[in-house]
Amino acid sequence: MTCDEFRQLLGDHLGGELVVEVRESFETHRVECENCEFYLESYTHTVKITRKLPKCGPLPSAVEARLREVLKDHLHGSG
Ligand SMILES: [Zn+2]
């Protein structure tokens, strides 16, 4: 699994929608790739926060844009 694939699967992972084989690859990549582990933790944390907010509606896309911006520096040049 590549870092790009990993990031594309984040949403499904959080929704519990990955089939077992994909989830195993996902977990393997997470363990082996510090950048993606950081990415996953940040993403999960952000999603949890946004889910706790009662009236935000479709906020997550804005939050995700912000998150990507923050993570861009961290991930830059390592891919
Ligand atoms: Zn990775």
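What share of the contacts in the protein chain with a separation of 6 or more comes from residues 24 or more positions apart? The share is 51%. Two residues are in contact if their C-beta atoms, placed from the backbone, lie within 7 Å.

This is a predicted model, in which local features need pLDDT of at least 70 and side-chain atom pairs count only at pLDDT 80 or more, while totals for chains, interfaces and linings use all residues. Residues are numbered from 1 along each chain as its sequence is written.

**Overall layout**

The protein chain has four helices and zero strands. From the N terminus on, its elements run α-α-α-α. Helices (H or I, at least four residues) and strands (E, at least two) are DSSP runs, numbered from the N terminus. Of the 79 residues in the protein chain, 8% are buried. A residue is buried if 20 or more other C-beta atoms lie within 10 Å of its own, exposed if 12 or fewer, and partly exposed in between, with C-beta atoms placed from the backbone.

**Helix pairs**

Two packed helices are described by the angle between their axes and the distance between the axes. Axes are lines fitted to C-alpha atoms, for helices over the stretch in contact, and angles run from 0 to 180 degrees between N-to-C directions.

| Pair | Axes come within | Crossing angle |
|---|---|---|
| H1 (residues 3-14) and H2 (residues 20-32) | 11 Å | roughly 120° |
| H1 and H3 (residues 34-52) | 11 Å | roughly 30° |
| H3 and H4 | 11 Å | roughly 155° |

Angles under 35 degrees count as roughly parallel, over 145 as roughly antiparallel, 65 to 115 as roughly perpendicular and the rest as oblique. A crossing is left-handed if the near helix is turned anticlockwise from the far one by less than a right angle, and right-handed if clockwise.

Take H1 and H2, whose axes cross at roughly 120°. That angle makes H1 oblique to H2. Their crossing is left-handed. Phe6, Leu9 and His13 in H1 meet Val22, Phe26 and His29 in H2. This contact has four nonpolar, two polar and no charged residues. Ala, Val, Leu, Ile, Met, Phe, Trp, Tyr, Cys and Pro count as nonpolar, Asp, Glu, Lys and Arg as charged, and the others, Gly among them, as polar.

H1 and H3 are roughly parallel to each other. Their crossing is right-handed. On the H1 side, the contact residues are Cys3, Phe6, Arg7, Leu10 and Leu14. They meet Asn35, Cys36, Tyr39, Leu40, Tyr43, Thr44 and Val47 in H3. By class, there are nine nonpolar, two polar and one charged.

The axes of H3 and H4 cross at roughly 155°. That makes H3 roughly antiparallel to H4. The crossing is right-handed. Among the residues that make the contact are Phe38, Tyr39 and Tyr43 of H3 and Val63, Leu67 and Leu71 of H4. The contact divides into nine nonpolar, five polar and no charged residues.

H1 has twelve residues and spans 17 Å from its first C-alpha to its last, close to the 16 Å expected. The expected span is 1.5 Å times one less than the number of residues. Just after H1, Gly16 takes a positive phi of about 70°.

H4 has 16 residues and reaches 21 Å, close to the expected 22 Å. The number of its residues that are buried is zero, so H4 lies largely in the open. Arg68 lies in H4 (residues 60-75). Arg68 is partly exposed, because 13 other C-beta atoms lie within 10 Å. The C-alpha atoms of Arg68 and Ser42 are separated by 9.9 Å, although the two are 26 residues apart along the chain.
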